[in-house]
Amino acid sequence: MIQLKEISKKFGDTLAVNKASFKVEEKETLVLLGTSGCGKTTTLKMINRLIEPDAGQVFINGENITNQDPDVLRTGIGYVMQNIGLFPHYTVAENIAVVPKLLKWDKEKIKVRTRELIKKLHLSENSLSMFPHELSGGQQQRVGLARALVTDPSVLLMDEPFGALDNVTRTSIQKEFKGLEELKRKTIVMVTHDVQEAFELADRICLMDKGKIIQIGTPKELLYQPVNDFARKFLAGQRLALEFKVVKIQDIWPYLPKGALQDGKSLSADLNVWDAMELLRSSDRSELLVSGTDKESKAINFEQLIKGFNQFQNAQVHE
Amino acid sequence: MNEHQQTLWQFMHEQSDKLFAQTLQHVGLTFISLLFAIAIGLPLGILIARKRKLSGTVLGIAGVLQTVPSIALLGFMIPILGIGAKPAIVALLIYALLPIIRNTYTGIIGINQHVKEAARAMGMSKSQILLKVELPLAMPVILAGIRTATVINVGVATLASFIAAGGLGEFIFGGISLNNTNMILAGAIPAALLAIILDALLSLVQKMDFKKLRKALYVLPVAILILGGFYALPSAYGSSLTAGFTPEFMGRQDGDLGLKSIYGLKIHTIVISDAVMYKAAFSKELDVISGYSTDGRLKAFDLKILRDDKSIFPPYYAAPIVRDEALKQFPQLAETLNLLAGKITDSVMTDLNYRTDYLHQTPERVAKDFLISTGLYKAPKNGHNGVVRIGSKIFGEQYILAEMYSMLIKGNTDYEVSTKTGLGGTKICFDALMNDQIDFYPEYTGTGLLVLLQPDPKIAKEMAHDKDKTYDYVCTEFEKKFKIKWLKPIGFNNSYALMMLQKQSKDLNVNTITDLKNYLDKN
Ligand SMILES: Nc1ncnc2c1ncn2[C@@H]1O[C@H](COP(=O)(O)OP(=O)(O)OP(=O)(O)O)[C@@H](O)[C@H]1O
Ligand SMILES: [Mg+2]
């Protein structure tokens, strides 16, 4: 659990972070979202004391971090840098082994753990003996991730971990990333300025502007209950795509035609509208069989899906 | 050309022991001082990379130190550290410091900020960051600095021979003062090769990738230590007394070689420049030195000349040498210059030198006082009947003689005078005379014979110990070969001499070179 209490940081005249407070629960992923220069990185760095706040406190698992030795604190927190920051003079294997060596792991243990991780992150075995400059940007980012994850820290801070990637690669890595069991056990604070990415990966989003927190909430709350104009406008451009991602079949269940009590192979109503549409589009099927909470199953085609979604939307607006 | 190369080869072959020893000393000096320079420069560079405010001051001081001329720096060192290895190493260290500090500093501050931050973010302590991230990443730049420093050191180390620290400078500067090209080359070629080889080796290390570099970095300090250790090798033989000889003296038949072959003198010898030799003798760092019999410092430092009882030192009677053309152009010149003939004895010359060298009177004043006291002085006539150009070598006695001649010419003739004093050594002065840049300068019979004429060794040996034969020989030969006339000798004989402190000479009862040899053999 991470808690920030009214932390502020000034660089000269610019107030980079202004009385920011939030709480990240155990195993939750909080995404800091905002335009360039709004103070995301500064906020993140104050969690592992790369930057000391001018005011306010930070607690990790209930303990004030200013009372801890910064080096010890940092070895216990995974950190993925905005600029990757691999050591150019270390091989991939050595880069990954930096923190384990600081913690005096034995060689065998480091080896086993490194093998396991690179498999999970889809890095090849022979890349281990390469130097960072011999890797592609995407591969470097995976190494950066492996370096942060290798000691399996319970807290993970990530600063635009996919920032250096093109859109196609990014989407695929995000998917892989989301699927990693390893990450589901962790309390994560992640920074991005990419709205899609925030919605893809966040349990909750913390929207920032000019050093201030504008709104904290689930993606759905941000979409449907924006606290002010800024929040509304921030998402406006990609609203429809976001809504498809946020709204689940379960949400539009009442607006779908009645189905039948049925057993057999069916999809979960946890599926979001975007994924449902993709499934319909990519397979030859004209209908998806979805089962709701009440054991009722519905066969839905594309038109029904859109119609149900539209009715749900109207209901939200009139609420 | 071929013959020339052969003789160089022969020289190197003959002197291979010395050459080997000098090369080792040279490498040793270079690397000992390099080691110290790294030991000081690296931490300083790291310090100013941490505290940037200090960087201007530290780099400024190191920069200024580097602009101090090497000879001057060596000179400053002597009162503090004496002669020999210590001051030489310190001076070299000072030259090597700037590139090492500067490159350590720029290497560290040039490291990608994100990489440093990543190191911090992963929980590395300050010292871990320094050792595992900053130094390895700055290493190629630091190595470039070390490479520059090494090359500088190889060059400056040649000057170490001025203060008895050995090295290839012994051949180079000995060769220059002896006008011996082979000797110069025997020192200069190995020195240049050393610089080139070390530069190439270090550039290889510098260009290694990180993996190889890591291994190389374990080897490098060991290599530097071993190379530095060359200097610590003991010198050929020890003896109860220590002699300091100039590089010139070391290489001459009528110098150290003669002492060895004719007297059988075995003395622990270091090579040292004329400029610091007397002081070193006075402060008892040296027991015996080679010097000139009319040197003013003889008097200043209370030294005694050991009599050359087997007369290996040829006579060096001073006399003006004049181009024949100049004598034609200035008919009164010979007569005027000869006014000084026979007027200055050894002890008078020593006294005159003492006044300039030790009492710091100007050569002009010393010259005038002398001319007045001997009744030769006449007020200048301020004539305009052509300009006589006087040259002199770059030491005190020659300045005084040039001043005297200038006054005599001005007082006795209608000629004007221009003096070109300080024309370096024999070779420069003589070339100026040959090339019609000066009309005359005072030269010594021994030098004329052995350095300028360089006759068959047999002829040289035959007449070298006879004052009149030598004078007659140079007179005829110069006329024949160069169209240059020797006028009448001035009187004093500025020959080589071995000298010792008066007190020590008395204590040991050593008055002649043979006494010295006997004393050394017994002790
Ligand atoms: N070390 C620093 N010195 C001075 N100003 C800084 C420093 N670090 C950040 N700032 C300023 O603080 C503000 C917030 O910076 P921060 O890096 O936190 O932004 P960000 O939200 O991470 O932006 P981006 O998305 O571009 O990474 C910016 O105006 C920036 O110029
Ligand atoms: Mg940032």
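A polar side-chain atom of Q82(A) lies 2.9 Å from an oxygen atom of ligand 1. That is a polar contact (a pair of N or O atoms within 3.5 Å; within protein, one must be able to donate a hydrogen and the other to accept it, and residues adjacent in sequence count only if both atoms are side-chain atoms). The protein buries 61% of the 630 Å² that ligand 1 exposes when taken alone. These areas come from the Shrake-Rupley method with a 1.4 Å probe; for residues, only the protein chains shown count as cover.

This is a predicted model: local features need pLDDT of at least 70, side-chain atom pairs count only at pLDDT 80 or more, and totals for chains, interfaces and linings use all residues. Residues are numbered from 1 along each chain as its sequence is written, chains are lettered from A and ligands numbered from 1 in the order in which they are written, and side-chain values use heavy atoms, without hydrogens and water.

Backbone atoms also approach ligand 1. A backbone N or O atom of G37(A) is 2.8 Å from a ligand oxygen. For C38(A) the corresponding distance is 3.2 Å. The residues around ligand 1 (a heavy atom within 4 Å) include F11(A), K40(A), T42(A) and E160(A). By class, this shell has three nonpolar, six polar and two charged residues. Its largest share, three residues, comes from α1(A).

Next, the metal. The magnesium ion (ligand 2) has T41(A) (OG1) and Q82(A) (OE1) as protein donors, 1.8 to 2.5 Å away. T41(A) sits in helix α1 (residues 40-47) of chain A, and Q82(A) in the loop between β6 (77-80) and α3 (92-96), 41 residues apart. Donors are N, O and S atoms within 2.8 Å of the metal (3.2 Å for Na, K and Ca); water is not among the atoms, so sites may look incomplete. Helices (H or I, at least four residues) and strands (E, at least two) are DSSP runs, numbered from the N terminus.

Q82(A) is partly exposed, at 34% relative accessible area. M81(A), in the loop between β6 and α3 of chain A, is buried at 4%. The cut-offs are under 20% for buried, over 50% for exposed, and partly exposed in between (1.4 Å probe, protein chains only).

R170(A) belongs to helix α7 (residues 167-179) of chain A. R170(A) is buried, at 14%. Its side chain makes a polar contact with the side chain of D194(A), at 2.8 Å.

Methods
Ala, Val, Leu, Ile, Met, Phe, Trp, Tyr, Cys and Pro count as nonpolar, Asp, Glu, Lys and Arg as charged, and the others, Gly among them, as polar.
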